[in-house]
Amino acid sequence: MDKAAIEIPQDYLEGLKEAARTEDGDLSSFVLKAMLENYEAAKEDRRAMCGDTGVPRWFVKLGNEARVQGGMVALEAALRRATANATNGVPLRPNRVHPLWRTDHDNNVGIGAPEIEYGFEPEGEWIDLITVHKGGLFGTDYRMLFPSDGVQGIKRFYLDSLMAFGKRGLACQPAIIGIGLGGSKDICMTLGKRASTLRVVGSRNADPRIAEMEDEFKAIGNSIGMGAMGFVGKNMVIDCNIEVGYCHTGGLPMSVHAFCLSSRRAVARIHGDGRVEHRTDPDWFTPYQRRETVDWEPQREAAE
Amino acid sequence: MSPREVRLSTTPSAQAIADLRLGDVVYLDGLMYTAREGVYMRALEDKANIPLELPSQSAANFHCSPAARINADGSFDMGAVTATASFRFAKWLPEWMAKTGARLIVGKGGMTSKDYRAYFVPNGAVYLSTVGYGTGALLGRGVERVEAVHWNEELGLAQAMWVIRCNRMGPFIVASDMNGDCLFERENAKIAENVARLYEGTRPATMKRYGESDDRTDEVI
């Protein structure tokens with residue numbers, strides 16, 4: 001969690017450096033340079049890169065052979081403890097409060113917080129602990145579209161979301177934009193959120209037609225004429241990631257998410273023998289996660 | 001062209017404020033306090049006594065919750081500081097400014113030109129925006145020390161009133177001026193020229209949202 005809060009992931013950093021090179025809006029350009037200095041300052045001083053340290057949460061992925069000592073309840077307790085410890089240690093901002101009573105435990109732990117979500121892989125005796133500290137109350141939206149809305153309807157809602165939350169920089173852009181298409185309403189939001197937070201800059205969906213849309217949508221976002229903080233500029237989208245899930249035949253639910261200038265994510269892989277490896281690519285969307293069949297038969301999938 | 005840089009006291013003179021231009025980059029020196037909904041509600045609705053001499057000690061109100069902790073020995077550690085979106089506080093700001101003499105409102109995203117004209121200009125105040133958003137580490141470096149924290153028991157660390165001594169703290173961007181003009185609205189107007197072309201060929205959603213507007217110059221704040 002310390003790493004996530006302090007060190008900007010390399011893929012995003014390179015994306016932002018590229019944006020800073022191409023930006024010609026005076027104010028936008030100044031902002032991007034200040035951001036690059038900020039990441040350096042955070043690393044040098046070992047302080048959080050942003051004062052809004054987001055709402056820390058966990059994505060846990062288990063290889064099918066992994067067994068947790070003490071069971072999953074022990075794992076959840078450890079993740080909650082780690083969250084409280086990092087809040088005091090880094091320090092992180094104690095953002096989490098009760099929605100009605102505004103009670104703050106000053107440790108980012110409370111009812112339903114931090115969120116812990118799970119995924120599995122067919123092989124391996126490791127556990128990936130992925131922490132994402134997504135900030136921002138803005139830049140995320142959902143809409144039920146219909147098949148008749150088609151790609152031009154998808155484009156429009158995408159633009160609407162960027163315009164609505166890009167003005168005044170409420171989305172803290174340039175951002176990694178995640179788009180969720182399909183699923184039911186809640187899963188549509190989950191897909192979009194995971195598309196923005198669990199995929200790295202430069203990655204592409206395995207479906208070549210979706211990958212093409214990702215390229216096109218990135219370009220469209222950067223043609224708005226809006227840059228950092230909503231100033232005139234040409235860098236709004238560092239990358240655009242799209243994830244899909246099967247949905248009701250009558251609908252085309254869509255969500256848009258912005259993973260901000262502080263795209264904080266970090267991964268620790270814990271092996272069966274106790275070794276720990278750190279990385280910043282969650283590698284969440286494997287062929288298994290995107291599988292379409294009843295049973296998992298990797299050979300047949302590969303042959304198709 | 002790079003923006004003009006200005007160093008400004010957190011108890012600025014009327015002249016120093018009048019000299020600021022939209023888009024200037026500002027670095028602050030002096031005492032600044034954080035106050036957002038928790039502090040506003042406590043001071044204005046619950047009528048609690050504000051634990052600072054305002055504006056003589058500070059005329060700079062930061063819409064911020066820092067990433068900070070209070071150590072067991074009572075000392076403070078403040079890591080990163082960044083602003084939170086200010087438009088949500090419009091409800092309390094006129095009364096707050098009248099009561100505290102705040103002349104620098106520092107935050108994220110600014111207010112509307114209507115707000116600036118209605119109560120910023122009459123109070124001799126301007127809006128400074130943080131940069132990024134999220135230059136939390138840079139701003140953290142500008143915190144020379146934490147002087148005090150008030151109301152942390154009542155409001156929690158995030159909503160508490162932190163009093164910080166700034167030493168060339170920045171960068172901030174001047175987002176309103178004594179004409180009541182708004183930097184973000186100026187930029188929005190330029191971007192709006194491109195919007196019709198951008199939307200060409202896209203399809204309005206089959207199902208409308210209740211109360212939905214098709215005016216792309218609208219803002220969510």
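**Notebook: a two-chain predicted model**

I began with the record: UniProt places the feature "domain: Fe-S hydro-lyase tartrate dehydratase beta-type catalytic" at residues 4-185 of chain B, in an unreviewed entry. UniProt positions follow the numbering used here, feature names are shortened, and annotations may be inferred rather than shown by experiment. For my own bookkeeping, this is a predicted model, where local features need pLDDT of at least 70, side-chain atom pairs count only at pLDDT 80 or more, and totals for chains, interfaces and linings use all residues. Residues are numbered from 1 along each chain as its sequence is written, while chains are lettered from A and ligands numbered from 1 in the order in which they are written.

**Chain B: span and helix pair**

I looked up the span 4-185 of chain B and found 26% helix and 30% strand, with the end C-alpha atoms 20 Å apart. Helices (H or I, at least four residues) and strands (E, at least two) are DSSP runs, numbered from the N terminus.

Next I checked helix α2 (residues 37-45) and helix α6 (residues 152-159) of chain B: their axes come within 9 Å and cross at roughly 155 degrees. Axes are lines fitted to C-alpha atoms, for helices over the stretch in contact, and angles run from 0 to 180 degrees between N-to-C directions. α2(B) and α6(B) are therefore roughly antiparallel (over 145 degrees). I see Gly38(B), Val39(B) and Arg42(B) of α2(B) meeting Glu154(B), Leu155(B) and Gln159(B) of α6(B); contact asks for C-beta atoms, placed from the backbone, within 7 Å.

**Chain A: the sheet**

I then traced an open sheet of five strands in chain A, ordered β2-β1-β3-β8-β9 with mixed pairing. Two strands pair if DSSP finds at least two bridges between them. The edges are β2 (116-121) and β9 (276-279) of chain A, each pairing on one side only. Neighbouring strands are turned by 20 degrees against each other on average, direction ignored.

**Where the chains meet**

Last, I counted the contact: 59 residues from chain A and 52 residues from chain B. On the chain A side, α3(A) gives the most, with 11 residues.

Technical notes: Two residues are in contact if their C-beta atoms, placed from the backbone, lie within 7 Å. Angles under 35 degrees count as roughly parallel, over 145 as roughly antiparallel, 65 to 115 as roughly perpendicular and the rest as oblique.
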